[in-house]
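This report describes selected local features of a model with several chains and ligands. The sequence and structure come next, followed by the report.

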Amino acid sequence: MSERKNWQEVELGAQLPAATSLGYKTGGWRVLRPIFDPSACTHCMICVTYCPDMAIPVAKSEQGVAGKGGRVYKGVVRLATNLDYCKGCGICAHECPSKAITMMREEEAEQASCKL
Amino acid sequence: MGVRKAITGAQASAEAMRQINPDVVAAYPITPQTPIVEEFAKYVADGVVDTEMVAVESEHSAMSAVVGAETAGARAMSATSSQGLALMWEVVAATPGLRLPIVMSLVNRTISAPINIHCDHSDVMGLTTLGWIQIFSENAQEVYENTLLAIRVAEDNRVQLPAMVNQDGFITSHAVEPVEIFDDASVQRFVGARSLDRALLDVKQVRSVGPLVLPDYLFEFKRAQEEAMSKVFEVYREVGAELGAITGRQYPFFETYQTEDAEAVIVVLNSAAGTTKAAIDIMRAHGKKVGLLKPILFRPFPYAEVREALKNVPVIGVLDRSMAFGACAPLYAELRNALWALDKRPAMQSYIYGLGGRDIMTTEIEGVFEELLSGKLDSEHQRYIGLRG
Amino acid sequence: MPTLQEIAWKTDGPDIRFVSGHRMCSGCGIGAIVKTVLAASDKPVVVVNATGCLEVVTTTYPFTSWNTPWMHLTFENAASVASGIEAAYKALKRSGKITDDVNILAIGGDGGTYDIGFQALSGALERRHKFMYLVYDNEAYMNTGDQRSGATPFGANTTTVPVGKVSFGKPQWRKNLVEIAAAHRIPYVAQTAAHSIMDLYKKAQKGFNADGPAVLAVLQPCTTNWAFDPSLTMQYSKLAVETNFWPLYEVENGVVHINVKPSNRKPIEEFLKGQTRFRHLFKPENAHVIVEMQKMIDDEWARLLKIEESGIQF
Ligand code: SF4
Ligand code: SF4
């Protein structure tokens with residue numbers, strides 16, 4: 001954590017501005033990493049809405065993205081998992097109806113990504 | 001110029017609230033505070049005030065609702081007494097840390113057990129360590145003016161702390177006295193409106209209030225809270241001068257009566273100060289040099305000023321309307337603290353009186369003065385006034 | 001009714017009201033519940049949060065995960081604080097000091113709702129403040145390590161009513177909060193569960209739009225103290241519904257409507273197995289507990305069906 005404030009500097013009544021926890025990265029808790037296979041995804045949003053850590057970002061895509069069955073999925077699409085915050089719970093992998101997510105041990109995932 | 005009305009202390013409190021016209025009042029009835037709530041509810045029912053009144057299901061919820069309203073951005077008030085204060089203790093304790101300038105009337109009544117609805121100060125003295133500004137009132141007039149004063153002191157940017165305005169249950173709350181009520185327009189100019197700077201309902205300034213603060217920071221917040229408390233003195237003086245421009249009165253931290261040349265002084269809070277003044281008049285008529293110091297601002301406690309005021313008094317008796325069981329009575333402890341730094345410390349005696357609404361008579365006060373003047377004192381043991389056996 | 005895409009855009013898109021970086025246990029469903037409920041409001045939401053898991057993990061100073069006005073006071077009074085916020089809202093609106101519309105949401109765990117906050121909740125409902133009360137129900141005091149609450153189910157092992165030589169865990173059935181809330185004759189009360197995002201969203205929307213107080217009871221399987229793999233949170237939530245342990249239903253203006261009727265209700269063992277708090281029930285000497293539990297669940301379900309069928313208003 002950065003320099004801590006002195007008593008003369010702390011906020012009145014410990015009141016905080018919004019959304020400061022974005023500065024607290026929980027990705028380090030992860031033991032298993034969700035590996036997302038875009039080619040198997042139908043962008044159904046099950047994993048997004050279930051993710052308790054808001055770690056699966058979404059975007060609106062007019063031209064669409066390629067997914068399961070080589071189809072192009074338009075509208076709200078899921079992007080790559082945000083590993084800064086993903087805690088590796090595995091809910092997304094367990095609930096994905098298209099089996100587009102698999103959980104891999106963090107060290108293996110690291111090694112795999114190094115090789116790439 | 002004000003209008004004189006024959007009203008009770010409870011009504012005086014409600015009158016002040018009417019003029020303050022708070023956005024929200026949340027309260028739960030309890031003897032002897034009930035007439036404040038009833039009187040104010042009538043103002044709401046008649047459309048005399050714009051207040052949103054929440055008649056809650058307990059004192060705990062009363063204070064919780066007031067904290068919610070005040071955090072939301074409203075000026076919110078409440079009133080309670082004794083067991084009610086005890087029930088809301090948890091939230092009362094949380095309020096100063098949130099730096100919410102809530103003003104609450106406290107009609108002093110003894111704390112159970114045994115259960116008893118009458119006056120003593122065991123309710124307020126049970127929570128003077130929590131960080132509320134504590135103001136005491138001798139009579140209905142002071143209740144009225146102290147309530148107006150409290151709003152401004154509490155809400156001042158240098159302070160932002162809650163304040164309690166105390167009055168004696170039944171003795172003050174239910175006794176009719178002539179009270180001078182100043183005109184609505186000047187009072188309302190004086191009290192103004194609460195700033196919305198910190199309003200949770202200001203959705204353009206999204207904020208989180210009341211987070212979990214761990215050992216890395218809690219200490220700093222508490223030190224900041226203490227700093228705010230220390231600012232109360234200067235703010236109280238300034239705001240008092242402003243109020244004085246309307247009322248023609250002064251708002252000192254404490255009142256002294258005949259202390260100039262006094263050979264013995266009694267220190268006592270609230271209504272018993274009136275009785276003490278009567279006793280002083282009688283004794284002065286007989287050439288006895290006696291006087292009174294009546295603390296008004298009890299938190300923060302003006303140690304230096306009290307010390308200065310009493311530095312030449314050889315004997316001081318402190319009358320407490322509550323006990324600290326196994327320790328110095330609360331007011332006595334403060335006086336000992338205040339006077340300890342004097343080169344020539346006075347002789348002191350602690351007295352307990354009036355628990356559970358027991359009357360104290362002028363003759364008993366005269367007796368105390370005689371005892372103080374006699375020099376037969378024991379500063380290590382408290383004595384009891386009006387106790388059998 | 002919005003699609004899941006539209007909901008995802010609200011929960012995790014640019015107008016996100018509840019952000020990452022909180023310290024909930026990995027796999028805790030509260031995050032999904034809270035973001036979905038917040039997303040269901042078309043106005044800014046002012047939140048008051050009772051002390052509990054959610055409050056502790058989302059606002060450890062100087063971090064907060066709330067991108068919407070939020071406050072916490074103490075444990076038992078979220079509904080009373082909401083009463084005060086609502087009163088302030090009315091007063092400040094009336095006097096023109098504020099102009100923005102908001103919805104007010106009080107959130108508590110089962111401890112802060114069924115137990116210590118029960119009186120405050122009842123008072124606020126009776127006074128008909130316009131706010132929604134959300135209880136995330138993980139069936140015990142989980143923030144402090146699994147102590148019994150009024151929401152703990154029959155037969156569960158907790159640290160304050162543990163299993164022992166002469167104890168099979170909690171010997172009492174749980175409170176029915178939905179029926180208690182409905183008895184206040186408020187416009188909307190609903191029961192839903194973490195996995196049922198659409199149902200949750202719909203019910204939260206109804207609650208926010210109700211003409212008076214609303215109560216939303218949401219089952220929140222606790223990966224830490226029910227002790228299952230964190231990937232299974234939504235599975236346990238589903239099983240609770242498929243076994244009729246936790247029916248999805250609503251009481252709208254007094255009328256009961258069951259949202260999901262499992263065509264082939266699963267035996268309660270399906271829900272119990274894999275949860276440490278029920279492990280002891282699979283010992284032969286506790287077989288009677290499961291039998292009794294099954295009977296209670298079936299009786300309750302039959303009763304609920306009858307109420308719905310009768311059309312009698314609460
Ligand atoms: S649940 Fe599976 S298919 Fe659906 S959006 Fe997520 S990864 Fe794609
Ligand atoms: S593993 Fe858990 S935290 Fe990570 S993206 Fe999947 S659901 Fe979210």
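## Local features of the predicted model

Gly109(C) is part of strand 3 (residues 103-109) of chain C. Strands here are DSSP runs of E with at least two residues, helices are runs of H or I with at least four residues, and both are numbered from the N terminus. The model is predicted, so local features need pLDDT of at least 70 and side-chain atom pairs count only at pLDDT 80 or more, while totals for chains, interfaces and linings use all residues. Residues are numbered from 1 along each chain as its sequence is written, chains are lettered from A and ligands numbered from 1 in the order in which they are written, and side-chain values use heavy atoms, with hydrogens and water left out.

With a relative accessible area of 9%, Gly109(C) is buried. Buried means under 20% relative accessible area, exposed means over 50%, and partly exposed lies in between, for a 1.4 Å probe and protein chains only. When neighbours within four places in sequence are left aside, Gly109(C) is in contact with Val135(C) and Tyr136(C); contact means heavy atoms within 4.5 Å. Between Gly109(C) and Lys266(C) there are 27 Å in space, C-alpha to C-alpha, and the two are 157 residues apart in sequence.

### Helices of chain B

Helix 2 of chain B (residues 34-45) has twelve residues, which at 1.5 Å a residue should span 16 Å; the end C-alpha atoms are 16 Å apart, in agreement. The expected span is 1.5 Å times one less than the number of residues. Thr34(B), Ile36(B), Val37(B), Phe40(B) and Tyr43(B) are the buried residues of this helix. They pack against helix 1 (9-20) and against several strands of chain B, including strand 2 (24-27), strand 3 (52-55) and strand 7 (163-168). After helix 2 of chain B comes Gly47(B), with a positive phi near 70°.

Ser82(B) belongs to helix 4 (residues 82-87) of chain B and is buried, at a relative accessible area of 0%. Apart from neighbours within four places in sequence, the contacts of Ser82(B) are Leu106(B), Val107(B), Arg109(B), Thr110(B), Ile111(B) and Asp123(B).

### Backbone in the loops

In chain B, the loop between strand 5 and helix 6 (122-125) contains Ala113(B), and Pro114(B) is also placed in the loop between strand 5 and helix 6. The peptide bond joining Ser112(B) and Ala113(B) is cis, with omega about 0°. The bond from Ala113(B) to Pro114(B) is cis as well, with omega near -5°.

Gln160(B), with phi of about 50°, is another, and is placed in the loop between helix 7 (140-155) and strand 7 of chain B. Met45(A) is buried, with a relative accessible area of 1%, and Gln160(B) counts as buried at 7% relative accessibility.

### Aromatic rings and charges

Rings of Phe, Tyr and Trp (its six-membered ring) pair if their centres lie within 6.5 Å; planes under 30 degrees apart are stacked, over 60 edge-to-face, and the rest tilted. Over all chains this rule gives 22 aromatic pairs. Two of them are tabulated.

| Pair | Centre to centre | Angle between planes | Class |
|---|---|---|---|
| Tyr217(B) and Phe221(B) | 6.5 Å | 50° | tilted |
| Tyr236(C) and Phe271(C) | 6.4 Å | 70° | edge-to-face |

Tyr236(C) lies in helix 10 (residues 233-242) and Phe271(C) in helix 11 (residues 268-272) of chain C, so this pair ties together parts that are 35 residues apart in sequence. Both Tyr217(B) and Phe221(B) are buried. Tyr236(C) is buried at 7% relative accessibility, and Phe271(C) at a relative accessible area of 0%. Ring pairs link Tyr236(C) and Phe271(C) into a cluster with Trp226(C), Phe228(C), Phe245(C) and Phe278(C).

The charged end of Lys87(A) sits over the ring of Trp29(A), 4.6 Å from the ring centre. In chain C, the charged end of Lys175(C) sits over the ring of Phe118(C), 4.0 Å from its centre. A charge sits over a ring if NZ of Lys or CZ of Arg is within 6 Å of the ring centre and within 35 degrees of the ring normal.
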